[in-house]
Amino acid sequence: MSGPISQDWEPVVIRKKAPTAATKKDEKVVNAARRSGAEIETLKKATAGTNKAASSSTTLNTRKLDEETENLTHERVPTELKKAIMQARMDKKLTQSQLAQLINEKPQIIQEYESGKAIPNQQIIGKLERALGAKLRGKK
């Protein structure tokens with residue numbers, strides 16, 4: 001080391017970081033700024049207090065639905081199938097609930113199939129065929 005030992009006595013300034021957006025909006029900070037006469041900018045957001053974001057895209061869908069004229073319904077149990085189920089069940093002298101128990105379904109499902117309200121499910125029809133020992137499909 002050559003020369004006299006010198007120390008650096010420059011002051012080191014440690015500053016707090018600039019206020020974040022959240023602290024700028026803080027009520028205390030805003031009120032203090034008002035008191036000191038600083039300029040305060042207030043903005044009203046266009047969608048403030050409304051749930052616009054959630055409902056803005058529905059207008060397109062609503063128009064499409066209004067213009068839609070096609071009548072869409074689920075396929076129902078055909079008449080031949082209803083009659084075939086009823087006939088096979090009567091032949092075996094089973095009630096709707098007994099048949100439902102045999103195929104591990106609720107009695108309501110058998111009712112819906114026989115009244116034609118159910119949406120045909122090939123698995124259930126298969127169970128019915130096995131339980132009743134009758135061909136229910138393939139008559140169409």
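1. A quick definition to begin with: two residues are in contact when they have heavy atoms within 4.5 Å of each other. With that in hand, Glu129 touches Ala134, Lys135, Leu136 and Arg137, leaving aside residues up to four places away in sequence. Please keep in mind that this is a predicted model.

2. Now for the chain as a whole. You will find eight helices and zero strands. Of its 140 residues, 19% count as buried. The chain exposes about 12400 Å², with carbon and sulfur atoms supplying 53% of that area. Among contacts between residues at least 6 apart in sequence, 54% join residues at least 24 apart.

3. At its start, a side-chain oxygen of Asn121 comes to within 2.9 Å of the backbone nitrogen of Gln123. After the helix comes Gly133, with a positive phi near 65 degrees.

4. Back to Glu129, which lies in helix 8. Is this residue buried or exposed? Glu129 counts as buried because its relative accessibility is 11%, and the cut-off for buried is under 20%. The side chain of Glu129 also has a partner: a polar contact of 2.8 Å joins it to the side chain of Arg137.

How values were computed: Residues are numbered from 1 along each chain as its sequence is written. This is a predicted model: local features need pLDDT of at least 70, side-chain atom pairs count only at pLDDT 80 or more; totals for chains, interfaces and linings use all residues. Side-chain values use heavy atoms; hydrogens and water are left out. A polar contact is a pair of N or O atoms within 3.5 Å; within protein, one must be able to donate a hydrogen and the other to accept it, and residues adjacent in sequence count only if both atoms are side-chain atoms. Helices (H or I, at least four residues) and strands (E, at least two) are DSSP runs, numbered from the N terminus. Buried means under 20% relative accessible area, exposed over 50%, partly exposed in between (1.4 Å probe, protein chains only). Accessible areas come from the Shrake-Rupley method with a 1.4 Å probe; for residues, only the protein chains shown count as cover.
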